[in-house]
Amino acid sequence: MKSSLKNRILFCLLVVALPLLVVSCLFFDNIIQPESALVDSEIEITAQLRVAPETNGNGRLVFAMLAPKAWNLKEKATLLLTTTDYANQGYSEIVNESLTPMPDTETDPKNGMPWSASFASVIGMGGNDGSVEMEWIVWRSSTIFDIWDKKTVDGVETSLPNVHANVKISFTTGATPVKCELGYSYCYDTYGLQRDDQRFAEAFKPFETYEQVFTTSPSVFRYGDIFSITFSPGGTDLKGASEVYLCGTAIHDGDQRTEVSAAGDKNRMSVSGSRFEKYIYPKDFFGLPSDAVIEELYFYFTNADGSIVVRDDENGGKEFFVGQSAE
């Protein structure tokens, strides 16, 4: 379970009363992460870290992320660490330092477990129910950070401010749609993980991947052919709809317009797993005569009563354009 901010602050205050302990309080100020993304798409996440020094300490940063195992982030993710006020400690700022995967032979000094297993054991798997196989992937910095709570200048002892840093995480989502909670944590390699002596930060955020909203098949066809239109509602307002209807506009015979805009048996799409699919012969779908010449085709999707409409958000909310192949 997550510790509340109140509890973490209380923990820090208790530590101050025990000066022989070497500790800093660790927090996530924010996790800048999209709630959803397309499958096989590149995304970027920024974890904003804050270290509140309580006494002097040092160690390499250990950063961990809970993600679907199929994404293979250990090999495919890039993590860059940048500090913003480490200079207050008297050191140069760290700029875009690559975090490297933790070697499998390295273990958590608190429990002797491999780091990935330690994060799973101590922090857990968040709200994931087992329907998606998840794993903790662990990286660490090459820089050994020295964090001081105070410094003396001209004989005057001064408390030092918090140290902030960003970890920028870049990777490509997997090919299969998933719904999960991504997890984040960090600590020092000199301290490790221990719930009743907490010196780590943790956070979980929901995330979902979905397929391309609009696709056609086969890849090569003419307006005079039969082809299919597939709609993936996962990232749209029609997510969870039991019925979806294909609507659209045909431009034909010198810019004449014929529309299908009302839900009916003829334009109801068939359910295909998590998607909806409809095979159409355009002239039949739009009720055009056999000698009609179709110049352009556009489509969109609605629910049964037309109260929810999905168009092409990436094109200013216009209808999805279907272009025929060159002759």
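Mentor: A residue is called buried when its relative accessible area is under 20%, exposed when it is over 50%, and partly exposed in between, with a 1.4 Å probe and protein chains only. The model is predicted, so local features need pLDDT of at least 70 and side-chain atom pairs count only at pLDDT 80 or more, while totals for chains, interfaces and linings use all residues. Residues are numbered from 1 along each chain as its sequence is written, and side-chain values use heavy atoms, with hydrogens and water left out.

Helix H3 covers residues 115-122, and its buried residues are Trp115, Ser118, Phe119 and Val122; helices here are DSSP runs of H or I with at least four residues, strands are E runs of at least two, and both are numbered from the N terminus. These four residues lie on the same side of H3, because they cover an arc of only 100° around the axis, the arc being that of the directions from the helix axis to the C-beta atoms. Just after H3, Gly124 adopts a positive phi of about 90°.

Strand S9 (residues 150-153) and strand S10 (residues 156-159) are antiparallel and share four bridges, one of which sets Thr152 against Glu157 in S10. Together S9 and S10 make a hairpin with two residues between them, and in that turn Asp154 has a positive phi of about 55°.

Finally, look at the lining of the largest cavity, whose residues have an atom within 4 Å of a cavity point. Among them are Leu49, Leu81, Phe145, Val163 and Tyr186. Strand S3 (42-53), strand S5 (78-83), strand S8 (134-147), strand S11 (163-172) and strand S12 (179-188) each contribute at least two residues to this lining. Its make-up is eleven nonpolar residues, one polar and no charged, where Ala, Val, Leu, Ile, Met, Phe, Trp, Tyr, Cys and Pro count as nonpolar, Asp, Glu, Lys and Arg as charged, and the others, Gly among them, as polar.

Methods. 1 Å grid on protein atoms, 1.4 Å probe; cavity = no way out; pocket = protein on both sides within 12 Å on 5 of 7 lines; lining within 4 Å. Pairing = 2+ DSSP bridges.
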